[in-house]
Amino acid sequence: MFAKKRPKTIKLIPIGGLGEIGKNMMVVENEKDIILIDAGLKFPEEEMLGIDLVLPDYSYVVKNKDRLRGIVITHGHEDHTGALPYILREVTAPVFGTRLTLGLIQEKLKEHEVKADLKEITSKTELKLGDFKLGFFEVCHSIPDGLGIIIDTELGLIVHTGDFKFDQTPVDGRPTELQRLMCLGQKEVLVLLSDSTNAEVPGYTLPEKSVGASLLKIFQGAKKRIIVASFASHLHRIQQIIDATVHTRRKLVVSGRSIVNNVRIASELGYLKIPEGVMVEIGEIEKHSPEEIVVLCTGSQGEPLSALARISSNDHKQVKLHPGDTVVISASPIPGNERSVSRIIDRIYKCGAEAHYELISGVHASGHPAQEELKFMINLVQPKHFVPIHGEFRHLKHHADLAEQVGILPENIFICEDGDVLEFSESGARITGKISAGDVFVDGLGVGDIGDVVLRDRRLLSKDGVFIVVVALNKQNTEIVAGPDIISRGFVYVKESKELIDEAIVKVEETLVEMKQEGVTDIAVLKSKIRKNLSQFLYMKTRRRPMVLPVIVES
Ligand SMILES: [Zn+2]
Ligand SMILES: [Zn+2]
């Protein structure tokens with residue numbers, strides 16, 4: 001007797017990054033092997049009060065860790081690497097990445113005191129992880145040393161672009177590998193997964209070198225000190241800032257922990273070229289006159305504790321902002337950060353300094369491909385199926401439309417969201433299920449111990465304050481022994497709202513009497529009834545919803 005041969009299937013399961021910007025993570029699996037592409041985090045949105053980081057819900061990977069053969073990281077951005085220190089505490093698997101990618105990961109793992117089996121790869125590496133054979137191609141992006149991934153499966157090739165752009169004149173001379181992609185088009189490509197971040201932007205993304213030219217012009221026109229804020233990981237940009245510094249015979253001072261770290265790691269690994277004598281320690285800044293100095297710093301997103309935020313509010317120990325200084329914000333605000341960036345720009349102008357930012361000065365170019373580049377990628381690779389990745393739903397939708405325009409059959413295009421199980425078999429592809437995939441919050445040292453309920457509480461507290469009722473009851477007959485007393489914070493000024501507080505006390509007393517008549521003695525029920533009645537009463541009187549906390553002491 002022969003065992004019946006099982007039909008071949010390959011599943012793609014986005015754990016994060018689809019329907020959102022951030023926490024990219026994708027499972028590729030067959031019956032016996034799993035590989036994970038990227039393990040990223042997301043920075044919290046404004047309504048996630050007090051949350052430090054957001055991780056993907058990778059419980060599916062943990063549940064199936066016996067089948068996990070490796071984690072492949074496309075590049076060193078935190079939306080692709082930031083979950084590693086957390087997931088590596090729960091699964092054991094080798095982590096593959098290029099030299100710079102691993103250098104940056106190593107630094108993070110050290111901070112978290114997590115050990116890992118890091119394995120360096122290049123675009124030439126061929127890997128075998130379980131039944132999957134992996135190859136790679138170089139991609140150009142806003143961080144050096146990025147890779148796209150080609151996975152050879154029984155059903156054809158899976159091509160994952162990572163984050164990329166088609167810059168024909170990249171700063172490091174390492175463009176996205178067109179020839180390699182063209183060869184793929186002649187093979188059987190089962191599915192292309194491609195970066196959707198800029199799918200709404202028509203045309204082509206500006207080459208990074210155009211930013212270098214704008215920066216140099218600004219540097220040449222600057223009379224006094226120059227302060228430039230950039231992403232800490234944008235080493236092409238940082239190289240161009242260094243080049244403009246050298247060109248205008250200035251010296252470079254670096255401020256802000258992440259950018260100091262990255263400049264150190266990248267120059268050790270040879271990804272930054274800094275001529276001897278250009279760098280000046282921040283403590284030495286006052287020994288140089290303003291027109292000799294360029295300060296490279298963090299804070300391009302308006303982060304409140306960053307170097308630029310402190311400099312602009314005159315709160316930085318070594319770097320002060322003076323009239324006549326030039327400040328360049330060499331980044332575009334990530335959606336959600338516009339307001340804080342705008343506040344910083346205001347402060348720069350108020351100081352009498354000059355501000356340059358994306359809107360007015362061409363000091364930023366995206367690292368992601370625009371519409372014409374996206375169509376070009378699909379035309380090169382010629383996939384049978386297409387899955388837009390790395391974007392909010394609207395980006396994915398626009399990218400899907402582009403795929404249809406260049407001839408991918410609509411029934412072969414899948415707009416998936418986190419948790420969808422997309423199954424490929426010889427008969428085609430379809431979404432066959434859904435796994436749990438949401439946000440896991442990191443708050444201080446705790447991972448995942450903060451749920452939506454706690455967040456709702458924090459939202460209420462921050463908006464309408466807290467209203468605490470303390471009452472002591474006789475254990476036997478639930479009569480009031482002491483109180484009720486009211487403690488309130490952030491809701492109303494207690495002294496001026498005596499009437500409201502008195503009425504609230506009466507409300508609590510009435511509720512307790514009512515409950516006694518109904519024979520209710522359970523403390524939990526009493527509390528919930530007090531909370532409900534008091535919330536209703538306060539809302540009726542003030543149209544606000546403070547958090548109501550009844551405290552019942554039995555004596
Ligand atoms: Zn990236
Ligand atoms: Zn990304």
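A crossing of two helices is left-handed if the near helix is turned anticlockwise from the far one by less than a right angle, and right-handed if clockwise. Helices (H or I, at least four residues) and strands (E, at least two) are DSSP runs, numbered from the N terminus. By that convention, H6 and H7 cross in the right-handed sense.

This is a predicted model, in which local features need pLDDT of at least 70 and side-chain atom pairs count only at pLDDT 80 or more, while totals for chains, interfaces and linings use all residues. Residues are numbered from 1 along each chain as its sequence is written, and chains are lettered from A and ligands numbered from 1 in the order in which they are written.

**Domains**

Domain bounds come from an automatic or database domain assignment. That assignment gives domain 1 (10–203 + 366–447), domain 2 (208–359) and domain 3 (452–554). The centres of domain 1 and domain 3, taken over C-alpha atoms, are 50 Å apart.

**The H6–H7 pair**

Two packed helices are described by the angle between their axes and the distance between the axes. Axes are lines fitted to C-alpha atoms, for helices over the stretch in contact, and angles run from 0 to 180 degrees between N-to-C directions. Helix H6 (residues 208–221) packs on helix H7 (residues 235–247) at about 35°, with the axes 9 Å apart. Residues are in contact if their C-beta atoms, placed from the backbone, lie within 7 Å. H6 contributes Glu208, Val211, Gly212, Leu215, Leu216 and Phe219. H7 contributes His236, Arg237, Gln240, Ile241, Asp243, Ala244 and His247. By class, the contact has 6 nonpolar, 4 polar and 3 charged residues. Here Ala, Val, Leu, Ile, Met, Phe, Trp, Tyr, Cys and Pro count as nonpolar, Asp, Glu, Lys and Arg as charged, and the others, Gly among them, as polar.

Two strands pair if DSSP finds at least two bridges between them. An open sheet of 5 strands runs in the order E14-E15-E13-E16-E17, with parallel pairing. Strand E14 (251–255) and strand E17 (354–357) are its edges, each pairing on one side only. The twist averages 20° from one strand to the next. H7 packs on this sheet, touching strand E13 (226–229), E14 and strand E15 (293–297). The direction of H7 makes about 170° with that of E15.

**The mixed sheet**

An open sheet of 6 strands has the order E8-E9-E10-E11-E12-E18 and mixed pairing. Strand E8 (127–129) and strand E18 (385–389) each have a single partner strand, so one side of each is left without a neighbour in the sheet. Here the twist averages 25° from one strand to the next.

Strand E10 (residues 146–153) is largely enclosed by the rest of the structure, because 6 of its 8 residues are buried. Buried means that 20 or more other C-beta atoms lie within 10 Å of the residue's own, with C-beta atoms placed from the backbone; exposed means 12 or fewer, and partly exposed lies in between. A hairpin with 6 residues between the strands links E9 and E10, and in it Asp145 takes a positive phi near 70°. Another hairpin joins E10 to E11 through 2 residues. Gly135 has Ile150 as its bridge partner in E10.

Pairings from both sheets follow.

| Strands | Sense | Bridges | A bridge pair |
|---|---|---|---|
| E9 (residues 132–139) and E10 | antiparallel | 7 bridges | Leu134 and Ile151 |
| E10 and E11 (residues 156–160) | antiparallel | 5 bridges | Ile150 and Val159 |
| E16 (residues 326–329) and E17 | parallel | 4 bridges | Val327 and Ala355 |

Conventions: Contact = placed C-beta atoms within 7 Å.
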